[in-house]
Amino acid sequence: MATTIGRVLRDRNAGLYLTAVVVSGFGSSAMALVSGIWVKELTGSDGLAALCTLALWAPLLLGPLLGTLADRTRRRPLLVAVNVGLGVLLLPLLWVDRVGGAAGLGLLFAVLVLYGACGVVTDAAEAALVAGAVGKDLLGDLNGLRMSANEGMKLLAPVAGAAVFTAWGGPRVALLDAVTFVLAGGLFALLRVAEARPAPDPEGWRAGTARGARVLWGDARLRPLVVAGGLTMLSSGVSGSLVYAIVEALGHSPAYAGTLYVAQGAGSVAVGIASGALMRRVGERRFAGAGIALTAVSAVLLASPWDAVVLAGSFANGAGLPCVLVAALTAVQREAPPELVGRVAATAGTLMFAPTAAGIALGAALVELVDHRLPLAVVAGARLLIAAPLLRSVAERATARRPSA
């Protein structure tokens, strides 16, 4: 652990980037939780509160198009501008409570949609900038630590955000988030990277976006990882919808779900720290396949009637799910043409994360119809099938390298 963190922090650009991610991630995680609480308090509606998550995630469907923006301008100035712009964008939320009613609610949702769109752009720009600012041998470590930082913030920031909301209300949380984005913009400005202005792109936006998709789909190294990532996240949506049924089967109140989320987050933090070293040792495909196989085991453990086994399953799920995501992003940064990394990364993000919503809907329907253990068994089997091609390709190459008798 110390060796991995030291490798990253000794690199000035990597250290600055990781610090920026931690700072902005703290504010984002706090705001993601508080927005739903805020809407619930304003309207009393559970449905409208749930729509906050949809507002933040909906722009992901435009990922390929928004990612093209990251390839049509210099990435560092874009990150500085968008982060500072997000700080300004959040300021109108200071008046939501004063405006109140439908106007206040509309203002909040409009900001959340723009917030989500800016997040897609910054993710693409970060992936592209880091690919050129950090050595390729460090990308796996950095991406893994970024995952650990994000998951760590998801454990800590919502608690802090809820406390600020309870004490001072939603506007103060929005102000806190705005400050974190401005600080992150300042950190990105300190990165030392030589970026030439991109040459004018003769292709239109539609053709340029399609080019990124063609590169991703046509690369035999990237396509299997992204497809496996999307299918894995589809299954994670199904299993995630079963969490309250799992808690009920254990005989606990719904609040116990928080304990399972903590265990899952701890697993993600742990594997994020080890990701770089593991990928160097076994390769990206095998690392991804092993992680998916681990989530298959976790689905079996989550069906157990014993608390300790279910907690172990949550930890294993948190450790396994990020593997294919980190492997796919690292492969994109290493393999995609530098001028296309932004749109290829954004397209990969859409293909991997968008299926989660469909999985959630499917799981929500199934949990009302059948015992939760049946979907978990199906998820376990499906994940083994998803992992098999990634693991089989490694085994086949190893067999091919053996000298014949």
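Biologist: Is Ser-236 buried or exposed, and why?

Modeller: The idea is to compare relative accessibility with a cut-off: under 20% means buried. In this predicted model, Ser-236 has 11% relative accessibility, so Ser-236 counts as buried. Ser-236 lies in helix H11, residues 223–240.

Biologist: Which residues does Ser-236 touch, leaving aside those up to four places away in sequence?

Modeller: With those left out, Ser-236 touches Leu-321, Thr-356 and Arg-383.

Biologist: Now the helices, please. At what angle do H2 and H9 pack?

Modeller: Helix H2 (residues 12–43) and helix H9 (residues 170–189) pack at about 160 degrees, and their axes are 8 Å apart. Angles over 145 degrees count as roughly antiparallel, so H2 is roughly antiparallel to H9. The crossing of H2 and H9 is left-handed. Sorted by class, the residues in the contact of H2 with H9 are 18 nonpolar, six polar and one charged.

Biologist: What should I expect of nonpolar side chains in general?

Modeller: In soluble globular proteins, they tend to be buried together. Here, the largest nonpolar core has 56 residues, and those touching the most other members are Val-8, Trp-38, Leu-90, Leu-93, Leu-108, Phe-109 and Leu-142. Helices supplying at least two residues each include H2, H3, H8 and H9. The largest share, 13 residues, comes from H7.

Biologist: Let's pick Leu-90. What does Leu-90 touch beyond four places away in sequence?

Modeller: Leu-90 touches Val-111, Tyr-115, Ala-174, Asp-177, Ala-178 and Phe-181. There is also a second, separate core of 35 residues, with Leu-225, Ala-228, Leu-340 and Ile-386 among them.

Note on methods: Residues numbered from 1 in each chain as written. Predicted model: local features only at pLDDT ≥ 70, side-chain atom pairs only at ≥ 80, totals over all residues. Heavy atoms only, no water. Axes fitted to C-alpha atoms, helices over the stretch in contact; angles between N-to-C directions. Helix = DSSP H or I, 4+ residues; strand = E, 2+ residues; numbered from the N terminus. Parallel < 35°, antiparallel > 145°, perpendicular 65-115°, else oblique. Left-handed = near helix turned anticlockwise from the far one by under 90°. Nonpolar A, V, L, I, M, F, W, Y, C, P; charged D, E, K, R; others polar. Core = buried A, V, L, I, M, F, W, Y, C linked by side-chain atoms within 4.5 Å. Buried < 20%, exposed > 50% of the residue type's maximum accessible area, 1.4 Å probe, protein only. Contact = heavy atoms within 4.5 Å.
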